[in-house]
Amino acid sequence: MTGDHYFTAEPTTPAQPREVEFSVAGRDYTLASSSGVFSAARLDPGTAVLLRKAELPAHDATGPLLDVGCGFGPITCVLASSAPAATVWAVDVNQRARDLTAANAARVGAADRVRVAAPDDVPADLAFAEIWSNPPIHIGKAELHELLLRWLPRLAPDGVAWLVVARHLGGDSLHRWLVEQGWQVERHASQKGFRVLRVTR
Ligand SMILES: C[S@@+](CC[C@H](N)C(=O)[O-])C[C@H]1O[C@@H](n2cnc3c(N)ncnc32)[C@H](O)[C@@H]1O
């Protein structure tokens, strides 16, 4: 055992390379993953529900799109593949996750359009057409709220955010909290205990 969490900045667990296979919208993905990142062995079931139920960006979307808490990059890679002209920003605190996302962006032929960054390295003047996240619930409620209050205001005026949260991990209370903060929130889908929230201004 080590003290690492999936949101550790510099995992000390030795990197054990793995591959994760999944399909979204008729496209097959084989992505690199590793110990020390979130859901290293399989596509997370919440992420799977998000990618199945939310509206993927249009083929001609240019973005910029943002994946908050990219992990090894499954959401980023699906967004970049669905919108082959879009720039996708992939943000994570975990260096190993960022390295994997960069490698996976290259695997799906999107290395030139995927910008992998630590949170503080995203240019302050960028407004995002879409924000996607399977957010890190386990960092704690106050920290999660802080994370959302940091990134949701970066939505373009007509932008849309797609979030997935397990109901038993507070999906419905997060929905209520977002409404209290003044966001328009729709429970777009509910499957396998996961809520897919569509958030707009
Ligand atoms: C639930 S995981 C989702 C990972 C990936 N998107 C997926 O679907 O497999 C949440 C991710 O958020 C990252 N994270 C934790 N705190 C963060 C923060 N303050 N800013 C950005 N990312 C953070 C974690 O390292 C983790 O990779």
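A: The buried residues of helix α1 (residues 45-53) are G46, T47, A48, V49, L50 and L51. Buried means under 20% relative accessible area, with a 1.4 Å probe and protein chains only. Helices are DSSP runs of H or I with at least four residues, strands are runs of E with at least two, and both are numbered from the N terminus. This is a predicted model, in which local features need pLDDT of at least 70 and side-chain atom pairs count only at pLDDT 80 or more, while totals for chains, interfaces and linings use all residues. Residues are numbered from 1 along each chain as its sequence is written, and side-chain values use heavy atoms, with hydrogens and water left out.

The buried residues of α1 pack against β1 (17-24), α2, β6 (128-133), β7 (155-166), β8 (184-191) and β9 (194-200). Contact here means heavy atoms within 4.5 Å. At the start of α1, the backbone nitrogen of G46 has a side-chain oxygen of D44 within 3.0 Å.

Helix α2, one of the partners of α1, covers residues 74-82 and includes S82. S82 counts as buried because its relative accessibility is 13%. A polar atom of the S82 side chain lies 2.8 Å from the backbone oxygen of V78. Apart from neighbours within four places in sequence, S82 is in contact with L56, P57, A58 and H59.

Helix α2 is also packed against by the buried residues of α3, together with β2 (27-34), β4 (88-91) and β5 (114-117). Those buried residues of α3 are R96, A97, R98, L100, T101, N104 and A105. Helix α3 (residues 95-107) has 13 residues and reaches 19 Å from its first C-alpha to its last, close to the 18 Å expected at 1.5 Å a residue; the expected span is 1.5 Å times one less than the number of residues. N94 caps the N-terminal end of α3, with a side-chain oxygen 2.8 Å from the backbone nitrogen of R96. Just after α3, G109 takes a positive phi of about 75°.

The largest cavity is lined by V68, I131, S133, L147, L148, W151 and L163. The elements giving two or more residues to this lining are β6 and α4 (141-151). The largest share, 3 residues, comes from α4. A cavity is a set of points on a 1 Å grid over the protein atoms alone where a 1.4 Å probe fits but cannot get out, and lining residues have an atom within 4 Å of a point.

Definitions and conventions
Buried means under 20% relative accessible area, exposed over 50%, partly exposed in between (1.4 Å probe, protein chains only). A polar contact is a pair of N or O atoms within 3.5 Å; within protein, one must be able to donate a hydrogen and the other to accept it, and residues adjacent in sequence count only if both atoms are side-chain atoms. On a 1 Å grid over the protein atoms alone, a cavity is a set of points where a 1.4 Å probe fits but cannot get out, and a pocket is an open set with protein on both sides within 12 Å along at least five of seven lines; lining residues have an atom within 4 Å of a point.
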